[in-house]
Amino acid sequence: MALSALRKSLESRVPPRPPAADKAVCTSPLFTGSAMSKRPADSSPEMRVPSKRSAGVAGPSLSDENNNVAEDCDNFVLVDHQRRHRRNPQLLLPPNAEHLKKLKREPALQQTVGSSVNNIRRSAAGALVLQLKKGVENASALGEELGKVLGTAATASALLRTSMIEIKDLDECVTKEEVTMALDALLGVPVSKRDPVKSLRKAYAGTQVAVVALPDELAAAALKLGHVRIGWLELPSGPEDHPGPPMMRILQLNLNHCEAAQDLLRDAISKLRIDVAILCEQYKNLAPPNTWLADADGQAAIWVHGGIPVQERPARVHPYFAWARIGGIFFFSVYAPPRLSEREFSALLANITEEARGRRPLVIAGDFNAWSTEWGCRETRPRASILLDSLALLDAVLLNTGDVPTFNGRQGSSIVDLTFVCETLAPRVKSWTVSEWYTHSDHQAILFEIEDTGTTTRPSTRQSCRWNARTLDADCFSATVSSASVAPGTAEDMASSLMSVITGACDASMSKANPRRRREPVYWWTAEIADLRCSCLRARRLFQRSRGRHDEETHSANYASARRLLRVAIKTSKRRCWRQLCDEVDNDVWGKPYKVAMSRLGCPQAKQPSSPLLVRGAVAALFPRVPSGPPLRLPRRAEEPIPAVTLEELKGAQSRIKERSAPGPDGIPNSALKIAIAARPDIFLRVYTTCLETGVFPSVWKRQRLVLIPKPGKPPEEPSSYRPLCMLDTAGKILERIICERLEAFTERPGGLSERQYGFRKGRSTIDASKISSRPPGMQ
């Protein structure tokens, strides 16, 4: 039996493992790389290379197995599909066990082959697979030795990892033979016997795209050389270095109207830190305070997380698609049901292109129920041609890569969930992948990231020096402050030195606060549900791998049972949590149940203005600039020295500070500052005394963190619609409190303020003034 036929049978029956594909962009006109799944060296997988209007584009940087950024080598972009378990080298033998016995009887193979074999098993097609140990590099040579022993009765060969390389912008006269000859000359190794050119298809403007399959080492060599000459064309190359900017994380999923799938989606968004979820066939639309935008039929939705504001939304909702401008990017969520005729499908796409016209950058994603070999399906259907022709008007390119199915049903699998982006956004898209995360839907989730170029309006986080007060180690903080000292000097220098000491103590005793919004797990999540979810994922994998085998029915029943147990556990946990919430009302009327009810009854929480121009206008109106004149200097008599700050004054001022109040720009928690005062009060006394004696209020304590709180029902463009809140450093507040206490002591002593002064005085109010004014004249 020919081994090539055996391998083809093996590949057709064993579903490919889903790789985590990182999409890449080739900035050069000829070469781009795209690593495909592991295949035999002489196999000819069908290459899914999209055309210009749907070509996958990617960025110039990629990550290795340790998530380290690897630089683009000479503008070739090779994307290694990250796998959770990388297979060891393997050798394939015919299914007859007599061949294996013959090989074991050969003493010459004991040292060469026998010492390299890790285990022997049968594949789904019945072939014998010799899995080699890690680090074995001569798998091809070992396969040749086995072939010599077997003779003409059978053959053996090695399974090699191959990578796909695209050669773009070829002229229309180039043939496969010319590409092969050019690769032979480039690599110095005859690759023609491997039939490396898998496809040569038409592209835009009369050009062609060649897809070449090479072993990993040869592909790496091609990337290192950085150019190839085919006919009159030669590719110049130049490495690019791109820093890693912040990312916006996107999740795309068809929920299939499943309640459990939507419940698990909440947990996935929290754990994966998703910013925007593009959804199809949701179970139900969510109400505020969730930022949820849906279509007119409940078939498509966009769920926004991470505090990113929705900057623009449609004036009216449309059927089968929803869109919104989020973080400076226009997101379109689309669901095209299979029941739509070709005419209705064309009308839907016409509506989408009309809404998307002139809106950039652009992401169009969803379940289009369209089949095409361009993105890995077995055949091309008319819907795919209609889809590509429509989105070509928007200069959209397809991000889907590889052959990992996004839909896995009982009747089979397919790739129907697609992600399109405009050409200008494509270089910013990173790590597009079909996730293995268990969704409880018959669709798999798609994850990708978009680089934040700094032009988006993501709400600015607090200062990077802010710490998490929950992780404060009081003993370590106190010891660090106790061992520090502040050198004498000016008030400015001493205040800066004091804050440096406290900042160092915070670094030593607390962890930094996460700048992103902290996301708690869903309220009904338990360890039992987590275990059942893992069981479902394991059962689903076994079921998918058992297709066409005798135990398919058994694995199918196990998978259905695991799904049912997970669904029941989620519903049971949600009912239990609801009963606990109801019982808590009897114990604490104003507790969590009251807060939950009021959050649902109240209006959606107002957000701060996101437009920089709007913020500048509001600040200029609320805080007008007043021309500063010469500083006012009051004469002070030498015989009246300013007393030093006492310990009682310091303790009295710091006792007025609430521990849970928000810190100022320095980010130092109030609880940590109180510990510092208790550990080294002498430092604070010297600094505050120096400030009073020199009449200087340190500029480091004059900085404020401004928060504009919107007033409900007010127009957002008016500055008067916001209530300003200024956060000051707590150390400066303590100095202000000490000054205030001294001023009040001076004004309240005999001969101070008039007895008829009732405003802004302790123990007095306008009620006292109204009582006196209402008395008859003779009773004053």
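Mentor: Start with Arg680, which is buried at a relative accessible area of 16%. Buried means under 20% relative accessible area, exposed over 50%, partly exposed in between (1.4 Å probe, protein chains only). Arg680 pairs with Asp682 in a salt bridge, the closest N and O atoms being 3.1 Å apart. The term needs a side-chain nitrogen of Lys or Arg within 4 Å of a carboxyl oxygen of Asp or Glu. Asp682 is partly exposed, at 32%.

A word on the basis. This is a predicted model, where local features need pLDDT of at least 70 and side-chain atom pairs count only at pLDDT 80 or more, while totals for chains, interfaces and linings use all residues. Side-chain values use heavy atoms, without hydrogens and water, and residues are numbered from 1 along each chain as its sequence is written.

The structure holds 16 salt bridges. One of them joins Arg381 to Glu379, at 3.1 Å from N to O. Arg381 is partly exposed, with a relative accessible area of 36%. Glu379 is partly exposed too, at 37%.

Next, Arg764 and Glu755. Their side chains meet in a salt bridge of 2.8 Å, N to O. Arg764 is partly exposed at 24%, whereas Glu755 counts as exposed at 55%. Elsewhere, salt bridges with shared partners link Glu259, Asp263 and Lys574 into one network.

Why can such pairs form? Side chains of opposite charge can pair when their charged atoms come close.
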